[in-house]
Amino acid sequence: MISNPQELDCIIIGAGAAGLTAATYLARFRRQFITIDAGQSRLLSIPTSHNYPGYPAGIHGHDILDRMRSQMVHYGKSVVADKVRRLEKRPDGSFIASGEHGEWHARTVILATGVVDVPPDFPDVQDAIARGCLRYCPICDGYEAIGKKAAVIGKGKGGLGEAIFVRHFAAEVTLLSLTEALDLSEEDRQRLAHASVRVIHEPVSSMRLREEGMIEVQLRDGGQERFEVVYAALGTRVNSELARSLGAACAPNGELRVDEHQQTSVDGLYAVGDVVAGLNQITVAMGHAAIAATAVHNRLRERD
Ligand SMILES: Cc1cc2nc3c(=O)[nH]c(=O)nc-3n(C[C@H](O)[C@H](O)[C@H](O)COP(=O)(O)OP(=O)(O)OC[C@H]3O[C@@H](n4cnc5c(N)ncnc54)[C@H](O)[C@@H]3O)c2cc1C
């Protein structure tokens, strides 16, 4: 028995940058839809974004979220707080999404569930992110690292490419490894030397945020280093399980593959934002959502 038996035009799962953009478009297309969200948007971790267009002085991530939510409210729509646990496809091609508090039935689904950053395991992580000392995305905020003393921490040599990227901005960059001693090939060494990236082969044992806004890194051999900015290059966990349970095609890391209308390999299931293979940026997520919502509207228009 479906607890919300009305067949909707669309279920949007996830209400971050991508899901809320899709919601605004679908509201303005006068579609019947619901937006369900588990409340963990990466926008909430952004201290200040300086590359989000239209805000020359920057804007806090939670302000972007608040503004987008109010735009939905303006069209009489709201976000249902829930986590979708199961997504099923019926023989007639429609979908049922089941959360902890309800079940919804719709002709299409837009999946906007994003990714979760893998943090280094130290107690002050949230505080360090809020203060801009621990970062995840040099494309977003490498500019703010100009002239600083930075480090990139990966697993083994996983942070190598990012360290070279960050060196374009920071005055000094050190490559660190969290789990194991760095084992570099001759080619790796040459690339790092060419970019003037310093390498510490000894693995990191712990990290702490110091009061003066520096991150102090302890090495397993007892050594100690301090950095103004540390980029974590430990990867992400992609929230694509719901699509994969329906057989949607994805990259080896779980990011979904989509066509030019943002449709996955499952008919009627669209995916937008960070959960899709590609560049994880707010503007990209919004662009995906505009394309998917318009494709959903056109598809339903032809079948209404
Ligand atoms: C520290 C930091 C700084 C950043 N700075 C910038 C920047 O300056 N510029 C920039 O362009 N980008 C920046 N980014 C990246 C940006 O935040 C993301 O690209 C953007 O938020 C992606 O939007 P999204 O909608 O795909 O995912 P999100 O905004 O993460 O939203 C996904 C939503 O889906 C929900 N969800 C997941 N699974 C379920 C489920 N099963 N049921 C219901 N809901 C679910 C989540 O709880 C979440 O609310 C930054 C990211 C971080 C972490």
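User: Let's start with Lys-83. Where does Lys-83 lie?

Analyst: Lys-83 sits in the loop between β3 and β4. Keep in mind that this is a predicted model.

User: Noted. Is Lys-83 buried, partly exposed or exposed?

Analyst: Partly exposed: the relative accessible area of Lys-83 is 42%.

User: And which residues is Lys-83 in contact with, leaving aside its neighbours within four places in sequence?

Analyst: Ala-38, Ser-98, Gly-99 and Glu-100.

User: Nice. What about Pro-91, which loop is that in?

Analyst: Pro-91 belongs to the loop between β4 (86–89) and β5 (95–98). Pro-91 is exposed, at 90% relative accessible area.

User: How far is Pro-91 from His-74 in sequence and in space?

Analyst: They are 17 residues apart in sequence, and C-alpha to C-alpha they are 36 Å apart in space.

User: OK, changing topic to helices. How do α1 and α2 meet?

Analyst: Helix α1 covers residues 17–28 and helix α2 covers residues 61–74; their axes come within 9 Å and cross at roughly 25°. That angle is under 35 degrees, so α1 and α2 are roughly parallel to each other. Their crossing is left-handed.

User: Which residues make that contact between α1 and α2?

Analyst: From α1 you have Ala-17, Leu-20, Thr-21, Ala-23 and Thr-24. From α2 the contact takes in Leu-65, Met-68, Arg-69, Gln-71 and Met-72.

User: What's the split into nonpolar, polar and charged there?

Analyst: For α1 with α2, the contact residues are 6 nonpolar, 3 polar and 1 charged.

User: How about α1 and α8, what are the angle and the axis distance?

Analyst: Helix α8 is residues 282–303, and α1 packs with α8 at an angle of about 35°, the axes being 8 Å apart. The crossing of this pair is right-handed.

User: Who's involved on each side of α1 and α8?

Analyst: On the α1 side the contact is made by Ala-17, Ala-18, Thr-21, Ala-22, Tyr-25 and Leu-26. On the α8 side you'll find Ile-282, Ala-285, Met-286, Ala-289, Ala-290, Ala-293, Thr-294 and Val-296. By type, the contact of α1 with α8 has 12 nonpolar residues, 2 polar and no charged.

User: Great. Where is Ser-78 relative to α2?

Analyst: Ser-78 is in the loop between α2 and β3 (79–81). Ser-78 counts as exposed, with 54% relative accessibility.

User: What is Ser-78 in contact with, if I leave aside neighbours within four places in sequence?

Analyst: Thr-35 and Met-72. As for distances, the C-alpha atoms of Ser-78 and Leu-20 are separated by 9.9 Å, although the two residues are 58 residues apart along the chain.

User: Now backbone angles. What's phi like for Arg-30?

Analyst: Phi of Arg-30 is near 60°, a positive value in a residue other than glycine. Arg-30 is located in the loop between α1 and β2 (33–37), and Arg-30 is exposed at 75% relative accessible area.

User: And phi of Ser-196?

Analyst: Phi there is near 55°, again positive in a residue other than glycine. Ser-196 lies in the loop between α6 (186–194) and β11 (197–199) and is partly exposed, with 46% relative accessible area.

User: Last topic: cysteines. How many disulfides come out of the count?

Analyst: The count is 1 disulfide. Cys-137 is joined to Cys-140, with an S to S distance of 2.1 Å.

User: Is the disulfide of Cys-137 and Cys-140 left-handed or right-handed?

Analyst: The torsion about the S-S bond is about 75°, so that disulfide is right-handed. Of the two partners, Cys-137 is buried at 14% relative accessibility, while Cys-140 is partly exposed at 28%.

Conventions: Residues numbered from 1 in each chain as written. Predicted model: local features only at pLDDT ≥ 70, side-chain atom pairs only at ≥ 80, totals over all residues. Heavy atoms only, no water. Disulfide = S-S within 2.5 Å. Buried < 20%, exposed > 50% of the residue type's maximum accessible area, 1.4 Å probe, protein only. Axes fitted to C-alpha atoms, helices over the stretch in contact; angles between N-to-C directions. Helix = DSSP H or I, 4+ residues; strand = E, 2+ residues; numbered from the N terminus. Parallel < 35°, antiparallel > 145°, perpendicular 65-115°, else oblique. Left-handed = near helix turned anticlockwise from the far one by under 90°. Contact = heavy atoms within 4.5 Å. Nonpolar A, V, L, I, M, F, W, Y, C, P; charged D, E, K, R; others polar.
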